[in-house]
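Hi there,

Here is the structure I promised to pass on. My notes follow below it.

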Amino acid sequence: MFRYLAQRLIAFLPTLLGISILVFLAIRLVPGDAIVAMLGTEAGMLTQTQRDALEAYFGLDKPPLEQYVSWLGNVVQGNLGFSVRHGAPVLDVILRRFPVTVELAILAMIIALAIGLPVGVLSAVRHNSVIDLAGRLFALIGLAMPNFLLGTLIIYVLSVYFSVLPNAGNYVGIADDPLRNLGQVLFPAMTLGFSFSASVMRTTRSAMLEVMGEDYIRTARSKGLREWRVVVRHALRNALIPVVTIAGVEMGYLLGGTVIVEEIFSLPGIGRLALNAILQRDYALVQGVTLFIALNFVLINLIVDVLYTLIDPRVSYVRKG
Amino acid sequence: MTRFVRVLLILLVILGMSSAAAPGLAQGDNVLIMARAADTTGLDPHTQTAFASFRLLELIYEPLVTSDADLNIVPALAESWEFSDDAMTLTMHLRQGVTFHDGSDFNAEDVVASFERILDENTGAATRANFLSIESIDTPDDYTVVFNLSQPDVPILGAMSSLNAAIMSSEMIATGDPANEAIGTGPFILDEWIPEEVTTLTANPDWWGEGPYVDGIEMRVIPDEASILAALRAGEIDFALLNDPLVATLITEDSGIVLNRAPAIAYHVLQLNAAREPLDRLEVRQAISCAIDRQEVLDTAALGQGRVTGPLTTPAYRVPLEDLFCYQRDLNRARELMAAAGLEEGFTLPMIVASAEPPTAIAEAQSIQAQLAEINITVEIETMELSVYVDRWLAADFDSAVALNGGRVDPYTMYARYWTRDGNLNTVAGYIDDTLDELMARGRTETDPDARYEIFAEFQRHLTEMAPWIWLYTDYEYTAQQPYVTGFIPMPTDSLYYLSQVRIER
């Protein structure tokens with residue numbers, strides 16, 4: 001098992017390297033450099049000497065290849081570089097923002113599973129009933145409603161009808177005030193969780209429908225097991241694999257930050273950090289955040305693979321024989 | 001399942017413990033909580049040009065002079081000043097008893113050090129271009145500074161009112177780090193700046209002026225302006241900066257929120273690149289000018305929130321719009337001009353637009369597109385991210401561009417960059433002629449206000465007739481506040497300097 005994990009991790013290294021090269025090139029090939037991003041049209045008032053001075057300040061005075069190699073050398077030693085705009089090391093900036101994103105992602109995932117799984121199971125068990133129809137309608141709405149609409153609606157209802165807005169740009173960490181923090185993260189998590197619960201519901205439903213037709217379900221029933229036990233222990237467990245797969249992919253996305261929801265609810269998460277880093281051409285930060293997000297994806301993938309073995313004993317990464 | 005929940009709870013707790021401590025909020029009844037969508041991009045007042053940075057730094061740093069709500073130059077760190085009769089020297093008498101936030105005294109040495117820093121090319125101060133006529137600076141005593149100029153330069157006074165000419169302490173310039181600390185003389189002291197989250201300021205008890213009347217300011221970033229409005233409605237914030245007229249106009253009188261608006265001096269403009277065909281032909285540019293109903297652009301893009309403008313936007317230099325070329329839409333004349341240019345069949349005009357900068361940019365372009373279609377000009381709108389747009393704009397790599405350009409208190413400082421032969425942005429302007437160059441040169445040296453007005457009135461008439469750009473309108477700078485916030489004076493420059501006069505009277 002560990003041997004397998006180690007192999008997988010090593011196999012990911014070229015992927016991460018490729019991503020870092022791609023991002024390095026992309027951000028430099030986009031028109032508009034850090035100086036233009038900072039000064040706007042006033043950049044046109046600079047003399048060449050002034051431009052050179054600012055390039056040196058932003059660390060852009062060296063040839064790109066040299067910039068990349070020295071950056072990579074630092075990354076290997078755990079130093080992601082320095083964000084000129086934030087006046088702090090890139091890793092510090094990321095780690096300051098990451099807890100917000102993790103909390104949001106986990107809460108959104110809990111909400112999605114708490115809604116999606118039972119509704120999906122119920123829809124499959126009561127196939128083509130009113131419950132099924134209602135469940136499918138719910139899924140349709142969830143998939144069709146964009147985050148920015150739902151988020152804005154929630155904010156509108158809260159502020160206009162209840163005169164409250166849990167987060168008005170004053171996010172507090174969960175350690176400082178857990179209750180207020182939960183209030184601030186709950187609504188954005190609901191926004192994210194609602195749309196994802198729809199995919200969970202649909203995946204669960206179709207997987208369950210497939211499994212319910214299997215021979216071993218009939219066997220279980222003929223043994224005289226109670227119906228809920230058949231559904232939960234025999235059917236659901238076997239139907240979980242595709243659900244875990246999409247949940248893993250979704251978790252990867254959520255941990256990469258959810259720009260729109262973070263913007264609407266003013267949460268200082270990874271998504272906004274990445275967006276602003278790109279808009280400001282904060283090269284070190286863009287590279288750092290992207291690498292960090294890529295690493296998250298890789299790790300989530302691994303966790304999903306491990307979860308497979310827990311759900312389905314037939315899946316095993318240990319070499320047999 | 002319960003085990004799953006327990007594991008998650010543990011995870012959440014671990015997460016909480018690892019999350020960084022929240023900023024030490026100076027929360028109290030007398031702290032003004034304000035919000036805005038864009039954050040400061042840096043702390044160095046000499047190199048920052050973003051409006052969002054100005055809004056913070058103008059509370060911390062002060063220039064020698066500043067402008068009031070009517071855009072007159074009024075004292076700040078200088079109590080009085082005078083030009084010599086030939087406008088070759090400018091003498092500043094400094095305010096006494098002013099201290100920097102670190103306790104050190106403000107005197108002539110700091111003024112000299114600050115201007116030397118701006119003029120030093122290694123600083124990268126974009127505003128340096130406005131101060132090139134400074135030949136030397138004398139300090140007859142600790143509180144008098146004499147700027148010796150290489151040529152008569154009246155507009156230099158207006159340029160000195162910019163935050164980009166703010167005074168830093170000479171010690172900070174010598175040994176400090178202006179990019180990461182802010183030590184000024186202004187009404188508020190910077191406590192902490194957490195980028196993209198919150199900035200906290202405390203009142204400067206030793207400020208030379210009257211006030212501040214609040215204990216501090218908590219300046220939050222709420223990236224979505226609709227959410228800022230929601231925060232105002234929910235009573236979570238006291239004061240807000242708004243950019244988008246479509247959001248600002250949602251604040252109605254019965255909502256219990258006070259909307260302030262000040263006529264802006266920044267102007268919305270359609271820039272034509274007269275260096276490119278067929279825009280190099282005067283008739284074509286004039287035809288475009290005659291074919292565009294400026295009021296209609298204003299009405300469709302900004303719900304009529306603003307006023308149609310000529311090139312100069314400060315009240316002191318405005319001319320009657322009917323004196324300007326084709327400010328009444330005249331389609332027949334536009335078609336005649338197109339015919340005179342041999343272009344009755346029309347042509348395709350690419351137009352670059354920055355997405356959301358300003359928020360009305362795309363709507364402006366679409367209104368122009370619809371109007372120019374009537375004289376057979378097919379406008380192709382190219383929307384792009386701001387930095388990409390600015391990159392192409394600076395390289396004059398466009399046929400036409402919808403822009404929101406900043407205004408200045410002084411007309412010379414505002415336009416020397418575009419409409420003089422050696423202006424830094426003359427290639428971006430795409431057009432120059434002897435009349436413009438000469439009028440600008442005269443406007444620079446003329447000290448008599450009436451004569452100066454005449455020079456710049458002539459400049460505007462000529463510029464609109466040559467129609468290198470089509471000036472559209474100026475809109476408003478918006479702020480919004482709870483009714484219990486009093487004393488704020490909205491400024492045409494959008495400056496927040498008057499937060500020093502604000503009181504919270506719940």
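Which side chains does Glu197(B) meet in a salt bridge, and at what N to O distance? The partner is Arg96(A), at 3.0 Å. A salt bridge here is a side-chain nitrogen of Lys or Arg within 4 Å of a carboxyl oxygen of Asp or Glu, and the count between chain A and chain B is 6.

Before going on: this is a predicted model, where local features need pLDDT of at least 70 and side-chain atom pairs count only at pLDDT 80 or more, while totals for chains, interfaces and linings use all residues. Residues are numbered from 1 along each chain as its sequence is written, chains are lettered from A and ligands numbered from 1 in the order in which they are written, and side-chain values use heavy atoms, leaving out hydrogens and water.

On the interface, 53 residues of chain A are in contact (heavy atoms within 4.5 Å) with 53 residues of chain B. Together the two chains bury about 4800 Å², 59% of it on carbon and sulfur atoms; that is accessible area (1.4 Å probe) lost on being put together, summed over both parts.

Best wishes
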